[in-house]
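Please look through the structure shown here before reading my comments, and keep it open beside them as you go.

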Amino acid sequence: MSGDCRFVLRLGEDGYPAQLAMTPRPPRTLYGIGDASTLCPGLAIIGSRKATPYGLDCAAWFARRAAREGVVVISGAAMGCDQAAQRAALEAGGRSVAVLGCGADIDYPARARDLLDTLRSGAGVVVSEFPWGMPPARGHFPARNRIIAGLSSAVLVVEAALPSGTFSTADHALEAGRDVLAVPGSVFFSGSAGCNRLIRQGAAPVCCDEDLLDSLWAAGLLGEDTPRCIGADDERLATESTDPVLRAILAEPVALDRLVTSLGLDAAEALRAVALLESAGAVARYPDGRYGPCMRR
Amino acid sequence: MTQSVVASSTIVGVEAIPVEVQVDVSPGLPAFLIVGLGDTAVLEARDRVRAAIRACGFDFPTARVTVNLAPSPVRKHGAGFDLPIALGVLAATRQVPQSTAEAVAVGELALDGSVREVPGLLAHAIAARSRALPLLVSLSALPVVSAVPGVSVRPLTSIAELRRGLPEERSAPPVIAPRFDDVPDLAEVHGQPAAKRALEIAAAGGLGLLLIGPPGAGKTMLARRLSGILPALTEHEALESAVVHSVAGLDAAPVLGGVRPFRAPHHTASTAGLVGGGSPPRPGEVSLAHNGVLFLDEIPEFSPSALQALRQPLEDGYLTLVRAEGRVRYPARFALVAAMNPCPCGYLGDLARQCTCQPALVDRYRARIGGPLMDRIDMTLRVDRIDPACMLRGSSDEPSAAVRLRVSEARAWSQARGRPRLPPTGAALLRACALDGASRKAVEAAARVHRLSGRGVTRLLRVARTIADLDGDPSVEEKHVLEASCYRALQ
């Protein structure tokens with residue numbers, strides 16, 4: 001294929017990403033397809049494959065924000081948060097790097113084919129330390145995570161359980177001396193335990209655009225001349241409300257029955273209240289049937 | 001002339017079709033022949049009839065006995081021909097009065113001459129009524145066959161009683177009084193307010209309901225209580241359902257008592273078990289659930305071919321089996337309730353346990369139900385395990401009887417609106433909903449936010465119309481649409 005610009009980078013040779021060469025165990029060879037210049041220091045955005053809409057929305061939101069600042073978004077093209085972040089970065093006109101656990105020419109996961117094709121055709125780059133045509137295997141992914149951490153200057157974890165592959169990427173990041181950022185989640189939700197643990201261990205919590213930009217600047221991803229102050233047009237993430245149903249749902253994803261019993265509502269009333277908030281885009285029903293916060297549309 | 005003719009009938013589908021039992025006793029080498037396409041059970045009647053006749057003090061003729069079951073092309077099944085054959089032999093040899101042959105006789109004989117019930121007696125009773133003949137059956141079957149209005153029942157316990165002629169007409173007290181005592185009550189379910197509300201709506205509108213939740217959430221417990229909140233069967237419906245039960249050889253008494261049938265086939269059920277089949281064809285679970293509830297627990301575990309076979313009954317309310325020997329039609333109009341885990345391991349979204357399923361596996365698991373069946377599921381609801389504290393706090397929950405009353409009122413109201421039966425679609429549905437500005441806007445918003453397909457909007461309106469019926473509202477309002485949108489399918 002003519003649009004298929006493959007390249008191979010060897011450790012110690014010209015063009016090999018400098019930031020990756022300085023990690024404890026850099027890959028000897030890096031196979032890639034796409035625009036090799038994308039392999040500059042960037043922000044890794046990673047998270048659970050079984051993400052909640054909250055995790056997906058956070059991934060997309062912060063990826064978009066980073067892309068707008070011209071920061072490359074690095075991730076693993078996995079289902080869930082990874083794909084959400086990379087797609088959002090591309091949509092916002094940014095560039096992205098996908099690091100795979102198989103040959104860089106393999107479409108894995110299959111549902112990421114369109115994303116990978118876009119990256120390979122120049123909107124970014126797809127890289128791997130595994131040779132062309134190598135199928136994915138279980139043991140490849142921790143190694144892949146090491147490269148994601150190595151290519152980035154800071155790693156943002158949007159949603160992670162404990163233990164999880166995402167958490168292992170954060171470990172690699174710390175080993176490589178990268179900044180680790182985490183989006184806090186509910187203390188009652190096991191899927192957020194990884195992020196909350198990272199914050200407890202010293203990761204910088206990212207709760208709004210300002211937090212993110214601060215951290216990007218600290219990691220050296222924003223140029224010296226980039227104004228650090230946040231303009232008035234900055235969109236607010238947190239919703240303010242006095243509606244008890246909305247407050248309950250924003251605090252933590254909640255099942256309908258819990259909502260009915262804890263707020264003392266009639267089942268029909270609660271359903272109507274939730275449906276109204278849903279159609280206004282203030283809350284969303286998660287795939288598991290609970291209602292929780294989502295990004296305002 | 002030593003011949004006689006006795007009326008009887010045989011079951012085809014859920015109907016009994018007339019069969020004439022002709023007996024000829026003529027001189028010759030002693031033999032006992034049965035012709036006319038009988039199955040093994042029919043042919044074995046020879047030994048039972050001979051023994052029964054002798055045991056009751058009659059003589060079995062030492063001659064050539066030929067029995068013909070007419071019409072000959074129809075296959076005859078079962079032991080129900082024992083009684084008419086014995087009666088025919090006795091009448092042909094003048095051992096009983098000729099008047100005894102003027103009845104539809106159906107029954108199996110024991111070797112001592114006592115008469116036993118056979119499956120399908122209700123169908124036989126209906127056939128006897130339409131032929132304006134009395135029905136000669138076992139005394140034990142009297143309470144059940146008395147449920148058929150206008151049939152003259154002549155019960156007997158043994159063929160010895162035939163010596164005095166046809167037994168007297170008798171009837172049993174009708175069992176038509178709703179007996180909901182044996183049906184589990186909704187008050188036993190603690191908490192789960194949203195699920196109870198959904199059950200009430202499903203009952204009022206005859207809508208298909210899918211319950212999704214982790215193991216132990218109470219999905220089965222809730223579904224089992226649906227038949228208790230449905231209004232009692234009308235006399236006509238009760239008889240329709242009871243005939244199917246009778247043909248299948250099941251106890252028809254609860255159905256005759258007005259309680260809607262609740263059938264919960266296991267997910268290993270074969271296609272024939274689910275929709276009917278076999279030789280001779282027998283009604284399946286969908287027909288046994290006629291006028292009641294069909295509950296499919298763990299619906300993704302059912303074989304895809306069995307689920308596909310549900311399409312015809314779901315669309316038409318009956319089922320046609322086509323076999324080499326002909327086609328039979330079974331009634332099958334039921335409310336579908338299905339339950340499933342959110343994912344193969346069952347714990348997706350559970351707060352206490354981590355789900356161990358790959359995301360792709362969850363999608364595949366959910367896709368197993370298949371489009372056509374999902375189209376008939378109007379409402380989907382997530383059910384979660386309840387807090388044990390709520391269970392121990394004791395019950396102040398509403399009993400089924402109170403919910404049943406509201407459901408009956410809603411059904412009466414929807415009928416008063418001039419809507420005979422769900423599910424309406426298209427223009428009729430829109431007319432029935434009589435949307436105003438606000439409710440129209442709510443439907444549009446729901447369709448946009450939740451990306452509903454055309455079918456999704458139809459389902460939304462159908463559910464909203466039912467909720468409005470529960471409120472006794474002539475038109476569908478915004479609040480009804482809002483609530484209905486919560487019951488849309490999980491993505």
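This is a predicted model: local features need pLDDT of at least 70, side-chain atom pairs count only at pLDDT 80 or more; totals for chains, interfaces and linings use all residues.

1. In chain A, begin with the open sheet, which is built from nine strands in the order β1-β2-β6-β5-β4-β3-β7-β8-β9 and whose pairing is mixed. The edges are taken by β1 (6–10) and β9 (204–205) of chain A, and because each has a single partner strand, one side of each is left without a neighbour in the sheet.

2. If you look for a particular point of pairing, Val99(A) has Val127(A) in β6(A) as its bridge partner.

3. Two helices of chain A can then be placed against the strands. Helix α3 (residues 81–91) of chain A lies across β3 (42–47), β4 (73–75), β5 and β7 (152–159) of chain A, and it runs at about 155° to β4(A). Helix α5 (residues 140–151) of chain A also packs on the sheet, where it touches β3, β4, β5 and β7 of chain A, and its direction makes about 155° with that of β5(A).

4. Chain B is assigned three domains, namely domain 1 (3–164), domain 2 (186–398) and domain 3 (417–491). The C-alpha centres of domain 1 and domain 2 of chain B lie 40 Å apart, and the contact between these domains takes 14 residues from domain 1 of chain B and 18 residues from domain 2 of chain B. On the domain 1 side, β1 (3–12) and α4 (121–130) of chain B are the elements that give two or more residues, with α4(B) giving the most, three residues.

5. Which helix of chain B is largely enclosed by the rest of the structure? The helix to look at is α3 (residues 82–92) of chain B, in which 11 of the 11 residues are buried, so it is largely enclosed by the rest of the structure. Among the buried residues are Asp82(B), Leu87(B) and Ala92(B), and just after α3(B), Arg94(B) takes a positive phi of about 60°.

6. Finally, the contact between the two chains takes 27 residues from chain A and 26 residues from chain B. On the side of chain A, α10 (256–263) and α11 (267–279) are the elements that give two or more residues, and α11(A) gives the most, with nine residues.

7. The axes of α11(A) and helix α22 (residues 478–485) of chain B come within 8 Å and cross at roughly 85°, and since angles of 65 to 115 degrees count as roughly perpendicular, α11(A) and α22(B) are therefore roughly perpendicular to each other. Residues including Leu271(A) and Arg272(A) in α11(A) meet residues including Leu482(B) and Glu483(B) in α22(B), and the residues of this contact divide into five nonpolar, one polar and three charged.

Definitions and conventions:
Residues are numbered from 1 along each chain as its sequence is written. Chains are lettered from A and ligands numbered from 1 in the order in which they are written. Two strands pair if DSSP finds at least two bridges between them. Helices (H or I, at least four residues) and strands (E, at least two) are DSSP runs, numbered from the N terminus. Two residues are in contact if their C-beta atoms, placed from the backbone, lie within 7 Å. Axes are lines fitted to C-alpha atoms, for helices over the stretch in contact, and angles run from 0 to 180 degrees between N-to-C directions. Domain bounds come from an automatic or database domain assignment. A residue is buried if 20 or more other C-beta atoms lie within 10 Å of its own, exposed if 12 or fewer, and partly exposed in between; C-beta atoms are placed from the backbone. Angles under 35 degrees count as roughly parallel, over 145 as roughly antiparallel, 65 to 115 as roughly perpendicular and the rest as oblique. Ala, Val, Leu, Ile, Met, Phe, Trp, Tyr, Cys and Pro count as nonpolar, Asp, Glu, Lys and Arg as charged, and the others, Gly among them, as polar.
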